[in-house]
Amino acid sequence: MNEIGLLVQRLLDETTKTSVGLFVPELVLSGTIVAMLLCRILPLLWRVPAQWIALLGAFTAFAWTLCQFDQLVGGTLHATPIFTGLLMFDQFATFFRMFLCLFLILTITLTVLSGIPDREDAPDFYTLLLGATLGMMIMASANHLLMVFLGVEMASVPSYAMVGFLKGRKKSSEAALKYVVYGAGAAGVMLYGISLLAGLTGTGSLPEIGHRLSLIVSQGAGISDPIVRTIVLASLMVLVGLAFKLSVFPFHFWCPDVFEGAAAEVAGFLSVASKAGAFALLVRFGLAFSGGSAAVSEIAFALGIGIGVLAAATATFGNLSAYGQTNIKRMLAYSTIAHAGYMLMAVSALMVMKFSKHGGAESTAVTLSCIEGLIYYLFVYLFMNLGAFAIVALVRNQIFSEEIEDYNGLATQCPLLCFGMALCIFSLIGLPPMGGFFAKLVIFASVFKATSVHWAMWFVLGAGAINTVFGLFYYIRILKAMYLKPRPDGARKVSYDLMPVGLFVLMICLPTLGLGVLPARFAETFNNVASVLLTGR
Amino acid sequence: MFTAETLTSWIIFVPTIFAFFLVFFEKKAVEAMRVFALAGTVVTFFLSLALIGQFTVGDGGMQGKISVPWIASWNINYQLGYDGISLTLVVLSAFVFLVSMLASWGIEKHVKGYLILFLILETGVMGVFFALDFFLFYVFWEVMLLPMYFLIGVWGGPRREYAAIKFFLYTLAGGVLMLIALLMYYFGSATPEAMAITGHSGGSFDLLKLAEMAQRGDIFSPGLQVAGFILLFIGFAIKVPTFPFHTWLPDAHVEAPTPISMILAGVLLKLGGYGIIRIAFPLCPYGAQVAAYALVAIGVISIIYGAFAALAQTDFKRMVAYSSVSHMGYVLLGIAVWKISEVTGVAEGRDYWLMGMNGAMFQMIAHGVSSPGMFFMVGVIYDRVHHRDLNQFGGLSGLMPNYSGMAAVIFFAGLGLPGLCGFIGEVFVVLSAWNYSKTLAIVSAGGVILTAGYILWALQRVYLGPAYKGPHPEAITPMTSREQAIGWLLIVPCFVLGVYPNFVFNYTNDSLTKLVDTLDSGYQNTPKPNSVQTTQK
Amino acid sequence: MESLGNKLSTLLAIAWLLPLFGFVVEVFAMSWPNANRKSKAAAYFAIFCIGFGFVCSSIAFYEWGEGTDWAAFKAVDHGHSEVANAAEHGEHAATGHDDHEHKAATHETPKRTVFSGTFYNLAQFGNLKLSLDYYIDSLTLAMFVMVTLIATCIHIFATGYMAEELVDDYVDHQVHTHDGGHFHRPGRFYKFFSYMSLFCFAMLGLVLAGNIFQVFIFWELVGICSYLLIGFYVERHSASTAANKAFIVNRVGDFGFIIGLMILWTSFGTFSFDDQHEVDGNVNKVTAGLFTMVRGHDGHLDRSSDGQTVLLKNEQDVNGEWHVRKESDPGRKTITYTLLIVAGLGVFGGCVGKSAQFPLQTWLPDAMEGPTPVSALVHSATMVAAGVYLAGRFYPMFVPEVLLTIAYVGCITAFVGATIAIVATDIKKVLAYSTISQLGYMMLGLGVGGWGAGLFHLVTHACFKSLMFLCSGSVIAGCHHEQEMTKMGGLLRKMPITALTMLVGVMAIAGLAIPGTSIAFSGYHSKDAILATALAYTKLNPIHFLLFLVPLLTAGITSFYMFRLWFYTFLGKPRDQHLHEHVHESPWEMTGPLLLLAVLAAGCAIGGEDGKLFKMLTFSEPVGVGQGVDGAAAHTVSLPGHAAIHASHSTAGSAALLAAFIGMSISYLVYGKGVINPADIKRQAASVHAFLANKWGFDDLYDVMFVKPAHVVAKFAAAIDKFVFDEILHTFVRMGIAVSKWDRKFDEGVIDGIVNLMGNSTYSLGISLRNVQTGKIRQYVTFIAVSVVTLFVLLFALYPKG
Amino acid sequence: MQPTPDKFLFISAVLFVCGVVCMTTKRNGIGILMGVELVLNAANLNFITFSRFTPLGLDGQVFSLFVIVLAAAEAAVALAIALNFYNNHLTIDVDRGDELHG
């Protein structure tokens with residue numbers, strides 16, 4: 001009894017003194033959700049617009065994460081597992097939480113400007129939005145298989161609803177249904193994988209999986225060992241859940257349909273935020289294999305190669321499929337698939353370098369640059385992809401169309417929007433001096449380095465390079481429509497307010513340039529994040 | 001303020017500064033904007049002249065070097081500098097931009113956008129010539145791509161979209177190859193041996209240091225050098241362009257507006273040659289030597305093939321475009337006539353190679369003057385009668401005597417008439433070729449007949465004869481004073497360079513001598529694959 | 001004494017550059033918006049420039065004579081004096097324009113006669129140096145005087161001939177506009193004289209050139225002047241076509257020239273004729289020129305023991321003698337004998353083009369489209385003779401095999417040209433073919449070893465041919481631009497001065513003389529010299545007997561057709577009465593030059609081989625020519641020396657004279673007296689006539705052999721671009737459609753965007769990938785399950801073993 | 001008979017496969033959601049089994065509790081979406097949702 005009491009006491013101590021304090025941003029978001037729901041209930045507060053509450057909450061959460069990150073970097077705070085090791089509080093997680101909060105702010109601002117949820121629906125919409133973000137933040141800090149599943153589901157379930165938010169639209173409801181069915185299926189598979197993995201290793205804690213696995217596998221168990229096979233299968237099934245979130249080939253099918261059906265704002269949110277969370281999770285899951293025996297490393301190495309091949313396939317598939325599209329949202333959906341492919345290459349290089357037999361000081365440096373590249377890419381991707389979707393949304397409000405051919409000659413009427421779009425597209429293509437280029441360079445560089453470990457990485461690198469050219473074809477079509485084609489007679493006039501809208505567009509799009517011209521500071525920070533994650537320093 | 005160290009940056013960024021201020025001009029103030037942009041090019045040109053003043057003749061090395069850390073974690077520096085090779089090309093470019101700006105008065109559509117892009121293009125070009133950091137070089141290289149795409153695509157002729165995309169695609173594909181080479185060298189220079197040269201751990205993008213490593217021979221393996229050379233060469237050959245990478249050129253030239261054609265021919269093609277001299281050769285002396293025969297052959301094929309293709313054209317501008325292919329073939333030929341002794345690996349007839357290099361440089365400068373001139377002359381008549389069918393001209397010498405006289409001089413310069421600039425480059429290159437290969441030298445000498453053929457035939461069809469045969473005869477008016485000024489600006493250097501070639505050689509010879517010696521020793525120091533085998537036996 | 005070189009080079013440079021100045025001034029004056037088209041100022045200025053050039057040349061000639069104590073005229077044994085000369089080549093140095101000269105330590109006497117130096121450096125790469133040099137010897141001076149004198153005459157003539165251009169509205173009767181009228185344009189008097197000035201500049205530069213590269217530079221420049229002047233009547237399609245033809249055919253020759261240059265440059269490392277002096281600090285560095293390297297001091301060719309390699313003399317000992325370096329010396333230079341032959345043939349190729357030798361002679365007759373003074377200056381007296389001049393200048397580099405080729409080419413040319421001239425009816429065409437034929441003579445003379453003879457003929461021919469062209473110009477002007485001899489006749493009385501001066505020219509070219517006396521026209525002397533050399537040559541090499549017989553026959557033919565021309569034009573009854581009535585004698589500015597040139601044509605060669613002109617020329621004869629070459633030892637042809645040639649003189653002279661008289665007589669019988677009706681002969685030998693009138697079919701042959709194939713190849717090259725590189729992708733698009741059976745309409749905009757092979761194939765792949773995205777949610781879910789299983793299987797199949 | 005984990009696992013695997021097959025074959029939206037429930041419960045069964053037989057212990061049971069809760073939430077959202085789909089298409093046959101493809 002006493003022991004249990006002590007245990008409970010320690011648990012409470014740990015929770016209240018450490019964990020909750022570090023968990024404040026998530027709590028703030030939860031509080032905001034509650035506040036918004038309260039507004040609905042209390043007639044007195046009906047007048048308070050939900051978006052401002054949401055913005056306030058998002059800002060607070062962002063500021064808090066920013067402080068946490070600053071303190072982590074400054075050494076005032078230290079990385080520590082929280083909630084008995086269910087979550088991990090470290091630079092990596094905090095960075096992603098900060099990232100997500102920032103993104104949340106930008107998305108809310110965008111929806112305010114484009115007015116996608118009407119007054120009636122606003123509290124519901126922002127509740128879902130904040131809820132999904134909450135789930136993603138948990139994904140980013142997940143340190144336990146339970147949290148993995150929980151995070152994925154918490155991020156997914158509100159997303160399903162958001163996709164179907166345009167209630168009267170056939171496409172929207174279809175998209176939502178597809179998303180929910182596909183998502184639920186993928187989640188089921190993932191959960192089954194988690195159950196097997198947790199059961200076989202006897203633990204749900206990610207950092208322990210490596211050790212536990214090596215206990216099982218090291219006893220001379222070869223490839224034909226059923227347990228090894230089961231472990232690989234289970235890992236694959238877990239990865240399927242993540243692949244669904246990342247829309248990795250061949251688990252990407254939901255993506256174009258859902259993006260086309262959903263509002264551009266939602267699509268933008270899904271394309272960036274859920275990817276960020278999923279990548280954070282993927283890295284953590286991949287690193288869970290570390291610390292094990294050589295045999296475990298070998299499994300992880302094979303998984304890394306497999307991920308690399310999938311990455312190449314994803315990038316290629318995404319780019320090629322985008323060719324024939326006429327709907328810009330659908331095209332951008334394929335584009336996000338392709339970009340997931342590029343980012344996945346970084347994860348692949350990370351796994352390959354981390355788990356190669358010839359590891360050394362140099363390979364550590366490379367793994368650092370893998371994660372650095374991934375984070376950098378995500379960071380740039382935030383701006384360039386959100387920028388593209390935001391402009392699609394803003395233009396849609398004017399011309400009521402998302403077909404590329406309706407963009408013809410737009411540059412003459414709204415030069416600023418088109419300029420922003422051009423910046424985003426150049427960045428998406430990966431042309432210097434845009435941020436997309438530097439991000440791609442870092443990733444390619446790490447893949448290049450990984451080629452010395454396994455020949456298959458040459459294939460991955462080649463695919464990456466050639467896809468840069470492939471991508472040009474369809475991105476340029478948007479530019480071509482906007483700049484080179486004449487505006488047809490009788491087309492709708494486009495007008496927008498320069499002050500909030502124009503400023504917002506510049507605010508999102510100019511960083512794509514800034515991140516390419518002055519990458520040093522960011523690259524350093526990201527490198528620091530990576531090194532804490534990988535080496536604990 | 002204007003020391004040699006800062007002048008380089010000024011020259012690069014003055015056009016951008018002017019472009020930035022252009023943003024604030026009233027849309028209607030077309031004339032003011034033109035004058036302002038012209039002022040930008042004039043200032044740049046005078047700054048480049050000031051750079052000549054700072055130049056120390058007789059020093060073959062880099063001068064006015066400046067190096068500021070940019071992305072420290074990658075050892076990327078903002079590193080600029082110039083030697084005789086870049087200096088001459090910078091002055092040429094500044095000049096061509098100035099002249100093209102004058103020729104841009106006829107642009108009526110979206111003047112502001114045009115001028116801004118035009119000036120940004122100049123920044124990109126200057127940056128490429130000054131960059132001594134491979135990464136920086138690459139960034140500027142791609143920066144040029146964007147404005148060029150729009151300049152062709154928005155302000156071009158009927159098939160401008162096709163031409164613009166073709167141009168974009170070819171160049172981007174070349175850029176991707178270059179990017180891979182860039183990574184190869186970055187990681188190739190991360191060896192402990194290389195640290196003695198770089199003075200820091202990790203790879204290097206410093207072109208000078210990379211060249212130094214290549215000269216040492218033992219750092220970059222022969223395999224790396226060959227692979228790197230092929231990648232780099234294709235990347236640059238697309239820009240030159242040489243057979244068989246030339247098909248973007250006729251389309252781009254024909255569709256681009258006149259001033260942009262002038263820049264394409266006068267400046268952008270030179271970047272390819274410059275890249276080969278500055279990067280492809282110094283970084284992979286072994287690869288360059290192994291590929292020398294192929295290069296010379298490609299050069300010769302370009303000469304002959306371009307001339308034949310020009311002979312068959314009926315479109316005046318297309319003919320001029322193909323003449324560029326032919327003329328730029330000499331550049332490649334001159335650069336590559338590197339004959340070695342089979343036994344010792346020492347350059348045989350080094351002076352002839354040096355002469356070829358100088359000839360190639362001169363050919364670039366000369367072509368940079370004559371080819372814009374030719375395009376301008378085509379543009380003058382196109383502006384009047386709006387067609388370019390060679391068979392529908394005639395009799396212009398009677399209708400526009402001054403114009404015809406100027407055109408004749410420019411075309412004779414292209415034909416390689418002594419006393420005009422085209423002669424020196426062509427003849428020097430051809431004279432140097434015999435030392436390398438008799439057969440190829442003879443074939444290249446055959447180019448003189450074909451060149452005379454297509455130019456004279458075109459002159460006859462356009463300028464000679466009794467009467468103009470095509471549409472809009474009423475529109476044929478004498479040259480305006482602005483056009484005459486441009487004509488004179490282009491003609492005078494034709495004469496000056498043709499009579500006093502030391503104008504160029506004074507600056508290039510020392511640098512090229514150094515380059516040739518560096519390459520020579522670089523090749524000798526590189527362990528040859530077969531000699532390694534023999535020692536093993 | 002030391003400054004003589006500088007003085008000469010300055011004088012000649014003035015003579016050379018003045019016309020350039022004239023050109024520039026005239027061009028600007030022409031472009032001036034308010035230029036007065038009726039002023040003759042341009043002509044006067046041009047005449048001043050070239051006339052002053054003549055004065056300078058004459059002064060230079062005089063100075064040279066004084067400076068050398070008129071050694072040229074005193075010299076008895078050319079071969080001997082030449083050895084002394086050659087030794088002195090080395091001493092003179094003048095780098096750039098500075099007056100700095102270097103005293104040679106040893107040789108003060110005998111006096112120097114050859115002066116060379118550098119105007120300025122074009123470029124220097126390591127040890128390779130390219131510069132603008134000068135090389136002045138008696139040949140240079142003779143050419144300068146000749147060119148400036150004749151050019152002055154022709155300029156003066158042209159002020160009269162071109163006077164009709166002095167209008168604001170010139171009507172070109174040969175050009176018809178599409179509405180049926182004649183073509184109107186402003187007069188182009190200025191333009192004509194500016195081009196002429198430019199040409200003079202280029203031609204003088206060519207003569208003055210001190211290295212073969214510089215020769216090439218001016219070679220091209222005279223070519224472009226020729227192009228401009230032939231195409232002077234730009235409205236006439238025939239004129240512009242002829243101009244193109246002239247330039248392009250010349251470029252074919254230049255193709256050979258460039259190959260020759262490449263070989264020389266690569267093997268010798270220098271282009272300079274003479275040794276080059278360079279001051280490096282206090283050290284006076286001397287590098288061997290081309291001639292020195294090949295021939296050394298005694299004209300001997302050093303060959304390796306197997307005869308395959310020629311050893312080059314590029315080491316100078318303390319006495320100034322040049323030697324071959326030792327085998328171990330890294331500076332030792334050699335060239336294979338074959339390569340030396342090829343180099344010689346290459347340079348000669350350039351001469352073939354420029355001097356309209358077989359097989360590139362076809363451009364010259366067409367070049368008569370230019371105004372007549374142009375034909376006189378450019379296409380008879382100077383530019384076309386530049387080929388011969390170069391062959392003479394470059395003589396030391398030619399080995400006997402090359403000379404043999406030159407001889408045969410000259411021989412064939414002489415014959416072909418002469419035969420075609422028989423049937424030509426256009427007065428200028430006759431003269432043009434005659435020029436071709438005479439140029440062939442000169443080449444023949446050089447080829448058979450008669451260095452002096454060939455160049456002798458060059459000078460005399462320049463005098464009488466320019467005279468004849470000017471006469472024909474006078475006739476044409478008098479006949480209102482009628483050039484067909486079939487419409488002339490009986491002009492003697494209408495234009496006596498023209499007719500008589502023409503007769504002088506005709507007799508000169510026919511080579512008439514009074515047997516037994518030394519009174520002879522200039523043509524006799526020079527032709528006699530050539531034939532004598534040819535005879536001596538065939539004596540030494542009997543197998544090449546044609547080299548004497550054909551020219552002899554040609555001499556007869558020449559006499560025949562030249563008198564035919566004269567009889568046709570000036571004697572008999574007028575064939576076109578209307579034309580005849582309007583004929584008038586030309587004004588004084590045209591007849592004046594005629595008279596002057598007539599005097600020259602008759603008397604410039606007075607004294608023959610003992611005359612001043614010949615002595616003057618042969619004073620510069622390359623070393624060793626005088627001795628001849630005994631080819632038996634080296635299994636090659638032999639060349640006659642002076643003595644052998646001298647022995648053949650009387651025989652050859654009489655034979656030539658005989659042939660000339662026979663030709664003249666037949667001509668008189670047929671055309672003068674009308675004993676035989678030429679029409680009958682034409683009928684009798686219709687096929688021969690057709691063949692000759694068709695110019696031996698060269699034009700058609702070249703058209704089929706070169707022009708058409710070139711266009712076919714060109715079209716092919718363009719088509720490759722259009723149909724291979726660009727079309728590959730379209731094929732791929734089509735294949736993509738067929739393979740994927742995608743029945744959806746292809747979006748035009750999309751296809752536009754996809755431009756190359758890769759683009760298209762990937763595009764079609766991308767399109768077919770859309771098939772995968774069926775939109776069926778159940779299939780998507782199935783994919784999840786299937787993919788997991790597939791990935792699982794694949795992972796194990798490819799699991800890294802070990 | 002001593003219960004062994006493999007029997008439970010086998011049953012769970014059968015459940016899983018049934019669930020997947022149900023998801024892929026049913027055209028009715030509700031049917032598909034039932035398939036999802038089967039899959040999730042297969043996993044739950046696994047958790048319980050492992051909780052009983054392996055060091056996973058109570059964690060497994062906590063896992064399954066969370067899963068049940070989440071499944072309920074997910075089902076609620078899914079049903080709402082299905083209802084929305086019905087409102088727009090007047091059917092819940094998922095094959096009728098075919099506007100988005102390509």
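Reader: Among contacts in chain D between residues at least 6 apart in sequence, what percentage join residues at least 24 apart?

Author: First, two residues are in contact if their C-beta atoms, placed from the backbone, lie within 7 Å. For chain D, the share is 46%. Keep in mind that this is a predicted model, where local features need pLDDT of at least 70, side-chain atom pairs count only at pLDDT 80 or more, and totals for chains, interfaces and linings use all residues. Residues are numbered from 1 along each chain as its sequence is written, while chains are lettered from A and ligands numbered from 1 in the order in which they are written.

Reader: How many helices and strands does chain D have?

Author: Helices (H or I, at least four residues) and strands (E, at least two) are DSSP runs, numbered from the N terminus. Chain D has 3 helices and 0 strands, so its pattern along the sequence reads α-α-α.

Reader: What is the radius of gyration of chain D?

Author: That value is taken over C-alpha atoms, and the globule rule is 2.2 Å times the number of residues to the power 0.38. Chain D has 17 Å, whereas a compact globule of 102 residues would be near 13 Å. Along the principal axes, its C-alpha atoms fill a box of roughly 50 × 25 × 25 Å.
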